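Have the viewer open and try each task before reading on.

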Amino acid sequence: MTIRVVLPAHLQTLARVSGEVKLDVDSPVTPRSVLDALETAYPMLRGTIRDHVTGTRRPFVRFFACEQDLSHESQDAPLPEAVGTGAEPFLVIGAMAGG
Amino acid sequence: MSSVRVLVGTRKGAFVLTGDGKRERWDVSGPHFGGWEIYHLKGSPADPNRLYASQSSAWFGQVIQRSNDGGKTWETVGNKFVYDGIPGTHLWYDGTPHPWEFARVWHLEPSLTDPDTVYAGVEDAALFRTTDGGQSWHELPGLRGHGSAAAWQPGAGGMCLHTIVQDPSQPRRLFVAISAAGAFRSDDAGTTWRPINRGLKSEGIPDPNAEVGHCVHRIAMHPSRPGVLFMQKHWDVMRSADAGESWQEVSGNLPSDFGFPIDVHAHEPETIYVVPIKSDSEHYPPDGKLRVYRSRSGGQEWEPLSNGLPQRHCYVNVLRDAMAVDALDPCGVYFGTTGGQVYASPDGGNTWAPIVRDLPSVVSVEVQTLR
């Protein structure tokens with residue numbers, strides 16, 4: 001199934017994409033399977049969202065979908081059905097900062 | 001026709017400044033990697049079109065970029081920096097053990113002979129190397145394996161390995177410097193290391209013979225005399241005539257011997273440059289006057305160089321990696337400031353002019369001489 005992913009601006013630049021990224025992801029659709037597919041398609045993103053070794057989310061990065069903060073959910077928990085159908089995107093968000 | 005390429009790393013991107021042989025006309029490209037911190041970028045001495053850049057952010061971590069065409073285009077290469085074995089601990093600011101954690105690459109030093117081999121100095125302090133053009137990086141663990149490593153503590157900027165110097169006459173000899181552990185030398189291509197800090201005096205270290213703990217800011221060498229090293233320490237400018245076995249203070253008549261960068265003239269191995277900074281808590285020039293100081297005698301006797309530099313109300317800093325020289329004749333000297341200016345002198349420091357005035361805060365400056 002085709003999953004939509006929205007990256008923060010700096011990672012769009014790094015991956016040389018604009019707008020949403022579309023990925024083919026096998027079921028079950030989870031944060032881990034989406035991020036695995038993302039990093040396979042765009043290997044320059046490895047280490048920028050998840051730690052290279054532990055695979056954990058970087059501290060200033062959050063995951064959202066369907067107006068829910070999924071950052072603290074298990075990476076193996078199924079994402080909302082609307083993400084799996086492509087109706088809603090999976091959002092990778094950089095923490096806002098600037099003072 | 002000769003030209004120079006000045007590689008500038010800033011808090012918000014990289015810039016490439018290309019100048020003619022007279023260093024009068026400049027073309028500015030950038031920002032490359034806009035919005036990201038570029039701690040350092042440097043070209044390969046073996047292939048001037050091969051450049052490497054350290055790109056990082058607190059949000060998205062470390063990225064390494066490589067260019068094969070002198071900075072016109074870039075490609076990402078490997079960014080996996082994993083300490084060898086179980087990382088262990090060093091000391092935190094309060095003296096308690098703290099696990100070794102990778103933060104960023106401070107300095108990239110391409111091999112003198114192989115464009116695919118590059119050394120990387122990182123925070124928390126360790127030395128990595130790639131031999132495949134940056135695709136993969138491996139720690140040289142003998143440095144952190146030195147028995148003193150568990151007692152290393154960070155300086156104010158973090159515990160960074162910021163200086164890597166290669167000896168052109170002895171390819172297996174490397175020097176590195178770590179804030180605030182000190183200087184180290186390897187004579188076996190980075191396999192084993194020993195501290196070379198004898199003669200350094202640091203307020204706050206009770207033991208006058210302390211092997212480590214000194215806050216070395218920068219080391220410079222002239223390639224024709226690789227046994228002579230110059231050091232800008234937290235306080236004190238130092239010189240070694242025996243490849244770091246011993247150090248002598250050469251601060252002499254400097255208005256302040258605190259500072260960050262130090263560099264050597266391309267053709268005069270005892271002509272050196274520093275930028276005095278008022279103090280470690282006031283990171284700006286004394287009296288609001290931006291002055292480079294030059295010694296033609298390897299230290300002790302210094303002269304201020306101010307022609308073309310701001311001499312009132314100037315409160316910028318010049319960071320440790322933000323000074324470089326070209327190899328033209330006369331030798332060009334360059335430095336960048338935290339205020340975003342990059343100054344160039346086409347005559348060994350006698351006169352200065354800004355190439356650019358309004359970049360983001362400058363972290364690093366390197367120069368390539370293109371013939």
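**Exercise 1. Find what share of the residues of chain A counts as buried, and judge its overall dimensions.**

Step 1. Of the 99 residues in chain A, 31% count as buried; that label needs 20 or more other C-beta atoms within 10 Å of a residue's own, while 12 or fewer means exposed and anything in between partly exposed, with C-beta atoms placed from the backbone.

Before going on, a word on the model: it is predicted, so local features need pLDDT of at least 70 and side-chain atom pairs count only at pLDDT 80 or more, whereas totals for chains, interfaces and linings use all residues. Residues are numbered from 1 along each chain as its sequence is written, and chains are lettered from A and ligands numbered from 1 in the order in which they are written.

Step 2. The C-alpha trace of chain A spans about 35 × 25 × 25 Å along its principal axes.

Step 3. The radius of gyration of chain A is 13 Å, which agrees with the value near 13 Å for a compact globule of 99 residues; it is taken over C-alpha atoms, and the globule rule is 2.2 Å times the number of residues to the power 0.38.

**Exercise 2. Describe the contact of chain A with chain B.**

Step 1. Each side is counted: 13 residues come from chain A and 13 residues from chain B, where contact means C-beta atoms, placed from the backbone, within 7 Å.

Step 2. On the chain A side, helix α1 (residues 9-15) gives the most, with three residues.

Step 3. By class, the chain A side has seven nonpolar, five polar and one charged residues. Nonpolar covers Ala, Val, Leu, Ile, Met, Phe, Trp, Tyr, Cys and Pro, charged covers Asp, Glu, Lys and Arg, and the others, Gly among them, are polar.

**Exercise 3. Trace the sheet β26-β27-β28-β29 in chain B.**

Step 1. These four strands form an open, antiparallel sheet; strands pair if DSSP finds at least two bridges between them.

Step 2. At the edges stand β26 (323-325) and β29 (353-356) of chain B, each with a single partner strand, so one side of each lacks a neighbour in the sheet.

Step 3. Three bridges join β26(B) to β27 (residues 333-336) of chain B, and V325(B) has V333(B) as its bridge partner.

Key
Helices (H or I, at least four residues) and strands (E, at least two) are DSSP runs, numbered from the N terminus. Two residues are in contact if their C-beta atoms, placed from the backbone, lie within 7 Å.
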